[in-house]
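Have a look at the fold first, then read on.

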Amino acid sequence: MELEITKAEQHGHVHGQMLSVPQGAMTSEDWRAVIIDAARLGITRVQLIGGEPTTHPQWRDFAELALSRGLRVEVYSHLFHVKQDWWALFTRTGVTLTTSYYSDDPDEHDSITGRNGSYVRTRTNIREAVTRGVTVRAGIVRVLDGQRVAEARAELTAMGVTDITTDRVRAIGRGSPPGRTPSLDELCGHCTRGLAAILPDGDLVGCVLARNFPVGNVREHRLAELLAGREWAALSASIPAPVTPQ
């Protein structure tokens, strides 16, 4: 379950179109209740995502609560700023540190993130994480024509990252072009099928990309009720199934 605990960013992504604003309507107590409910429902992993989740003042408390309830925790950070005392959490059993990586070319990488120096900062912190034995996962999103995706993957591999995924920027959610109606056909097909997300205002959606299709709000109904509801089932039935490569 993806928990988008804040909209605030360490830097602004061209493909993400994130707004540099603080947390949404969900309070810290709301997030704690969701994490507890998730564990009770048998959900095995929560992902703290944003924006930049580490800008939320209670993000480590959320991670510790999830771990104490037997959940695995994934922290999806841009790794632009990493405080020294965060490494103790990142090295905990059950914690994965995930980040986005775009190119082995510093200028191309920085042009996508919209922040000068992001390539150097992210690369440095990935190397530090691997050195410390942190479980690291990286995602590469193809944003530009001719983007050095293969080279980025090779660089990550050389740094010791073994869990690497690639995808294209999808015309849905924050990546939806202005004036274009979001379509469920743009989703990868895994939303609602073992995956769900809660947005900063408490809306339950199939994943953070499917933010245009909420099925209820956890501030108004319990998570178990929403996941067992007709709206969730209808959303799942309307999302095209994943295509299995031949």
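## Leu 3 and the cores

Start with Leu 3: leaving out residues up to four places away in sequence, Leu 3 touches Trp 31, Val 34, Ile 35, Val 46, Gln 47, Leu 48, Ile 49 and Ile 198, where contact means heavy atoms within 4.5 Å. This is a predicted model, with local features needing pLDDT of at least 70 and side-chain atom pairs counting only at pLDDT 80 or more, while totals for chains, interfaces and linings use all residues. Residues are numbered from 1 along each chain as its sequence is written, and side-chain values use heavy atoms, leaving out hydrogens and water.

Leu 3 is also among the residues with the most contacts inside the largest nonpolar core, along with Phe 90, Leu 156, Ile 198 and Leu 204. That core has 57 residues; a core is a set of buried Ala, Val, Leu, Ile, Met, Phe, Trp, Tyr and Cys residues joined through side-chain atoms within 4.5 Å, with buried meaning under 20% relative accessible area (1.4 Å probe, protein chains only). Helix α2 (residues 59–68) gives the most to this core, six residues.

## Arg 72

Arg 72 sits in strand β3 (residues 72–76), strands being DSSP E runs of at least two residues and helices H or I runs of at least four, numbered from the N terminus. Arg 72 touches Thr 44, Arg 45, Val 46 and Gly 94, not counting residues up to four places away in sequence.

## The α4 and α5 pair

Pro 106, His 109, Asp 110 and Thr 113 in α4 meet Ser 118, Tyr 119 and Thr 122 in α5.

Terms used
Buried means under 20% relative accessible area, exposed over 50%, partly exposed in between (1.4 Å probe, protein chains only).
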